[in-house]
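Here are my notes for anyone opening this entry for the first time. Have the viewer ready and follow along point by point.

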Amino acid sequence: MASLQCISSCFAFQRPFPTMKTNNTTTYSQSTHLGFSTTLSENSFSKGFLSIKPIERATRRGVVCEAAPKKKADSAIKRARQAEKRRVYNKSKKSELRTRSKKVLEALEVLQKKNDAESEEILTIEKLIAEAYSAIDKAVKSGALHRNTGANRKSRLARRKKAVEIHHGWYTPDAVAA
């Protein structure tokens with residue numbers, strides 16, 4: 001009787017057994033379904049007092065259990081929040097420096113296309129360049145932009161300004177002594 005309690009129920013018989021015989025010829029009345037595991041066989045009970053053969057039944061569809069997604073650790077949630085704040089902050093810095101650089105380049109292009117440009121018109125562009133330099137330096141300082149990238153962008157603006165000055169004859173590069 002003790003071995004009947006240890007058996008787990010993976011499969012159950014379809015009809016109840018009215019009587020059950022053991023090896024020592026004692027009969028037990030059984031009115032409920034008998035269940036057992038498929039991993040148990042009759043050899044497991046051959047040395048005991050109960051011997052049962054499993055009855056195969058039509059295979060039923062198994063239920064697939066899906067584990068719920070694991071909850072993120074509190075530190076991971078905090079890091080995600082911090083990363084989002086930094087991303088938004090860096091995006092605004094980069095957007096500002098792109099806008100200021102674009103204004104400088106557009107002003108230089110307009111000035112270069114002018115035929116009757118005055119040398120005093122470059123002063124307004126120099127103010128725009130100073131604002132762009134400031135935005136680039138702030139982005140580098142905050143870590144939104146690498147320092148070499150910032151230097152390259154400032155150099156690009158300076159070269160374009162110099163190209164406009166050379167085009168209009170306001171600046172003559174020194175001949176390199178060879």
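1. The residues lining the second largest cavity are Arg100, Lys103, Val104, Leu128 and Glu131. Keep in mind as you look that this is a predicted model.

2. What classes of residue make up that lining? Three of the residues are charged and two are nonpolar, with no polar ones. Helix 2 and helix 3 each put in at least two residues, and helix 2 has the largest share, with three.

3. As for volume, the second largest cavity holds about 30 Å³ of space. The count for the model is two cavities of 30 Å³ or more.

4. Now stay with Val104, one of the lining residues. Which residues does Val104 touch once its neighbours within four places in sequence are set aside? They are Leu128, Ile129, Ala132 and Leu157.

5. You'll find Leu97 in helix 2. Is Leu97 buried or exposed? Its relative accessible area is 0%, so Leu97 counts as buried. Beyond its neighbours within four places in sequence, Leu97 is in contact with Ala135, Ile136, Ala139, Leu145 and Arg153.

6. In sequence they are 36 residues apart, while their C-alpha atoms sit 8.3 Å apart in space. Across the protein chain, take the contacts between residues at least 6 apart in sequence: 62% of them join residues at least 24 apart.

7. Zooming out, how many helices and strands does the protein chain have? There are four helices and four strands. Their order along the sequence is α-β-β-β-β-α-α-α.

8. Last, the surface. Of the 178 residues in the protein chain, 19% are buried. The chain exposes about 14,100 Å², and carbon and sulfur atoms supply 52% of that area.

Note on methods
Residues are numbered from 1 along each chain as its sequence is written. This is a predicted model: local features need pLDDT of at least 70, side-chain atom pairs count only at pLDDT 80 or more; totals for chains, interfaces and linings use all residues. Side-chain values use heavy atoms; hydrogens and water are left out. Contact means heavy atoms within 4.5 Å. Buried means under 20% relative accessible area, exposed over 50%, partly exposed in between (1.4 Å probe, protein chains only). Accessible areas come from the Shrake-Rupley method with a 1.4 Å probe; for residues, only the protein chains shown count as cover. On a 1 Å grid over the protein atoms alone, a cavity is a set of points where a 1.4 Å probe fits but cannot get out, and a pocket is an open set with protein on both sides within 12 Å along at least five of seven lines; lining residues have an atom within 4 Å of a point. Grid points are joined across faces, edges and corners, and a volume is the space filled by probe spheres set on the points. Ala, Val, Leu, Ile, Met, Phe, Trp, Tyr, Cys and Pro count as nonpolar, Asp, Glu, Lys and Arg as charged, and the others, Gly among them, as polar.
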